[in-house]
Every structure is written in C-alpha cells, then in structure tokens.
Amino acid sequence: MAVRTVLAYSLTLWSTHMGYLYLVILLLTLSGAAWFWHAQLRKVVTRRSGQRGEDSDSVAMPRVLLAVTSIGRFVALGLIVLCTFFASMRQVPTGHVGVIYSFNRIVGQTQDGLQFILPWQTLRAASVQVQGHSFERLSSFSVESQVVDVAATLNISVSPDNIQRLYRTVGPNYFEVLVAPRVRQAFKDETVRYAATAIAPHREEIRRAVRDRLIRELSADSSTVRDLLIDDIAFSAPFQASIEAKQVRTQDALREQAGIAVAEAQAAQTIA
C-alpha cells in the first residue's frame, strides 16, 4: 500500500512543473552515492592489492563493485542531461501561442512550433484562431416585456500579442468572464427597443447593433469580434399561438374581402 502511494505521488508530481526537479534531485542523490562508494571501494582495492597482490580473490569483488559505481555515476549524470533536454522541449500547435508558467506564475509566451523553455517551467497552449461560440438561448425582452429567446453564434479571436496579459489579468476562462455576459446584456439592451412583433422583421438591425457594440467593448480586452449571426428568434408558446391565431384571422379577413370583391364584380356584370 505504501509503495503504491509513493508511486502515485511520484507520477502526479512528474505531471507538474515540479516533476523535473523531483527527478533531478533523485538522480543527483544516486550520482553522489555512486561517487562516494566509488571512492571508498578504490581505497579498499588499493589497500588489499598492496597487502595480498592484485590477483587475490579478496580484491575481485571490490573491483567489480568499483566498475559498477564508476559506470553508475556517469549514467546518472547522463540521465540528468537527457532529462534536462527533453523537459525543455515543448510543441505548440499551429494557430496557438504558448503561455509560460513558472511555479504557477505567468512569465512569458512563445509562438507556435517547437519551443525550448526552462525545464522546471510549464507551457499551456492558448488558441488565437477564430472560434465560433454558440448561444442556444439568450433570454431577452421586448418593449412590452414579452420574453424573447435568441439563438446566436459569435465568431471571435484573441490577439496573440496580448494573450499573456489577458491570461494574467482575467485567466484562461476569459470567454465566460468577459465575453458571454456582454453578449447577453447587449441583446437585452437591443431587443427591448422593439415591440415583440417587430423584432423578427428588424433582426438584421438588431444583429448589426449588437455586433458593433461587442466590437467596441471587447477590443479593449484584446478580443476581435469577427462576426455575429442570429440563428433563431423564438417567443413563449402562448404568445406564439396568439401570433398564429392573428395571422389566421388576417388571412380569413383577406379571403372575405376577396369574396366580396368577386361578388361585387359579378353583380356589376349582371347589371351591365
């Protein structure tokens, strides 16, 4: 149980930026122990060789251990060099920048591609590509306080030059903190200017107004709004039913007027 606990802790530690330091300290300890025992065994071999001759059986085992410790100390140092090299290599995907952390503190950023950083540092990839975020339901209101549900898609990207500052001041969840609340508020402020029946006919005006507002507000936070699309506009079920009933009544009235016009035309023909 204790061995599994130590192993699990070691794997968890290696997955963090402390893993490199943990492994290097272990290898340095093993290397130091190999150097110490190498020196002690050399003294034993020298003393016994002088007393009984170099071919004595009492010298054979110390000579083997001397060779093992000699190899072991250089192997440990070689492993430290290899671990340092591979721990410094990082791959940043195309369309991303790497945010560099040192002991959970942001200290810089890199471009995409193969990068080399200090081995005890960590690197997190942050996308600077245009990303589409869908809002399934943005609850807003009309001028008469009728509930309006808007489905929209926002295409946005982050400036690669300022993403380090954005991560430092806001964090990796900047979209949920900065962007999403502003999208919801912008739609609420815009739809309330229209009557419920006028929102759908003016959806393009609403879309442009919300998009232009987001462009102005988010530019200060290193975010560029590429486009905003309104996917759907929906009302509550009772209100939707009343609109459909009104449309039915309007169509019935139009049919009645058309029937009256036909009857009048026929009457005029009869009189003629």
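Val-99 stands opposite Gln-109 in strand S3, where strands (E, at least two residues) and helices (H or I, at least four) are DSSP runs numbered from the N terminus. The model is predicted, so that local features need pLDDT of at least 70 and side-chain atom pairs count only at pLDDT 80 or more, while totals for chains, interfaces and linings use all residues. Residues are numbered from 1 along each chain as its sequence is written, and side-chain values use heavy atoms, with hydrogens and water left out.

S2 and S3 run antiparallel and are joined by four bridges; two strands are taken to pair if DSSP finds at least two bridges between them. Both belong to an open sheet of three strands with the order S3-S2-S5 and antiparallel pairing. Strand S3 (106–110) and strand S5 (122–127) are at the edges, each with a single partner strand, so one side of each has no neighbour in the sheet. On average, neighbouring strands of this sheet are turned by 30 degrees against each other, direction ignored.

S6 and S7 also run antiparallel, joined by nine bridges. Ser-139 has Asp-149 in S7 as its bridge partner. The hairpin of S6 and S7 has five residues between the strands, and Ser-145 in this hairpin takes a positive phi near 65 degrees.

The largest nonpolar core has 38 residues. Such a core is a set of buried Ala, Val, Leu, Ile, Met, Phe, Trp, Tyr and Cys residues joined through side-chain atoms within 4.5 Å, buried being under 20% relative accessible area with a 1.4 Å probe and protein chains only. Among the residues with the most contacts inside the core are Leu-154, Tyr-167, Phe-175 and Val-179. Elements giving two or more residues to this core include strand S2 (96–101), strand S6 (131–141), strand S7 (147–158), helix H5 (174–191) and helix H7 (203–219). H5 gives the most, with eight residues. Not counting residues up to four places away in sequence, Val-179 touches Leu-154, Ile-156, Tyr-174 and Leu-218, contact meaning heavy atoms within 4.5 Å.

H5 and H7 pack at an angle of about 140 degrees, with their axes 10 Å apart. Axes are lines fitted to C-alpha atoms, for helices over the stretch in contact, and angles run from 0 to 180 degrees between N-to-C directions. H5 is therefore oblique to H7, since angles under 35 degrees count as roughly parallel, over 145 as roughly antiparallel, 65 to 115 as roughly perpendicular and the rest as oblique. Residues making the contact include Val-179, Val-183 and Phe-187 of H5 and Ile-206, Leu-214 and Leu-218 of H7.

Notes
Buried means under 20% relative accessible area, exposed over 50%, partly exposed in between (1.4 Å probe, protein chains only).
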